[in-house]
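The sequence and structure come first.

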Amino acid sequence: MAKKPVIALVLGGGGARGMAHIGVLKVLEDAGIPIDLIVGTSAGSLVGAMYATSQNIPPMIQRFEEFLQSKIYNHTGLPKFLQKKDAENFFGQVATYLEKRIVINLAYSRTGLLERRRLRQAIEFLIDPVDIREAKIAFAAVSVDLLSGKEVVFTEGSLQTAVEASSSLPGFLPPLQQNSHSLVDGAVLHTVPVIPAKKLGADFIIAVNVSQSLEEKPELDNVIDILFRANSITSHRYSRLQLREADLIIRPDVGSYHWSKFSSFHELIEKGEDATRKALPVIREKLRNRFQFGYRWWPRKEATIWIDNKGVSVYKVED
């Protein structure tokens, strides 16, 4: 009997734009697309963890709504970072704060602009205190060790800790110290963690990219702008190379949203839904073509997902 393939959903980082992942999950669930593994970075790890443990979209949305109305959200300091001029990469995000000369002195004496407890409180509000192995869907959160420069993939242990490590923006938050590691946001290496998903045994990868496109005519008015533009180019090109390893890429139209604009929560979910509906026919076709031999051996409940549906396109990484 053919082995049932492992279908992985890989959710990338992007701050508030990661709320589009909820829309992606909703449409895939409604369409009956089986997901065996969820791998997430940063915001992708947060949304992925919530879904992997509940497999229930409405309570997820309700909990996010309650969080955005809570004092805990206001105390995170995220609204303060909503600037007219966006900076996509981590270092650029910190630079927009430093340019205002608000925390320059603190930057020399602290390992993060914000206190770690603010992120921890937010995660404790949104995620239940369970072990990753208790999730209903296999789940992994990706972080990076600043000391070794290597990825650290959480597949067991505290789910809250895993998401906290994966979401620790370098510069904003102090690294999470754990087991001789100094852990920061997984997007330092994997904006969309396709490679970790392959290492975990994924046979078919649906990647969701909610990062911004590289701006064609950036404002380069000073040294800081130029330095971080250079970093953005490197990050963007490296991310594209990794995305080539995915079988299919969904890219919701969220590039115009600032990474801290959680006030657009429902709009971002809708963007994720729209992109995934368009991708459904191609997802089904690719799955059918890839696993044609094993398909006949799958349980009937799973085989019914191959009924075609109307759609027009799928978002792929550019050449």
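Leaving aside residues up to four places away in sequence, aspartate 247 touches Asp203, Phe204, Ile205, Lys286 and Arg290, where contact means heavy atoms within 4.5 Å. The model is predicted: local features need pLDDT of at least 70, side-chain atom pairs count only at pLDDT 80 or more, and totals for chains, interfaces and linings use all residues. Residues are numbered from 1 along each chain as its sequence is written, and side-chain values use heavy atoms, without hydrogens and water.

**Aspartate 247**

- Aspartate 247 sits in the loop between helix 10 (223–243) and strand 8; helices (H or I, at least four residues) and strands (E, at least two) are DSSP runs, numbered from the N terminus.
- Its relative accessibility is 19%, so aspartate 247 counts as buried (under 20% relative accessible area; exposed is over 50%, partly exposed in between; 1.4 Å probe, protein chains only).
- A polar atom of the aspartate 247 side chain lies 2.7 Å from the backbone nitrogen of isoleucine 205.

**Aromatic rings**

- There are four aromatic pairs, counting rings of Phe, Tyr and Trp (its six-membered ring) with centres within 6.5 Å; planes under 30 degrees apart are stacked, over 60 edge-to-face and the rest tilted.
- Phenylalanine 67 and tyrosine 73 are edge-to-face because their ring planes stand at 70°, with centres 5.6 Å apart.
- Tyrosine 73 also pairs edge-to-face with phenylalanine 262, at 6.2 Å centre to centre and 70° between the planes.
- Tyrosine 73 is in helix 4 (residues 71–75) and phenylalanine 262 in the loop between strand 8 (248–250) and helix 11 (265–290), so this pair ties together parts 189 residues apart in sequence.
- Ring pairs join Phe67, Tyr73, Phe125 and Phe262 into a cluster.

Methods
A polar contact is a pair of N or O atoms within 3.5 Å; within protein, one must be able to donate a hydrogen and the other to accept it, and residues adjacent in sequence count only if both atoms are side-chain atoms.
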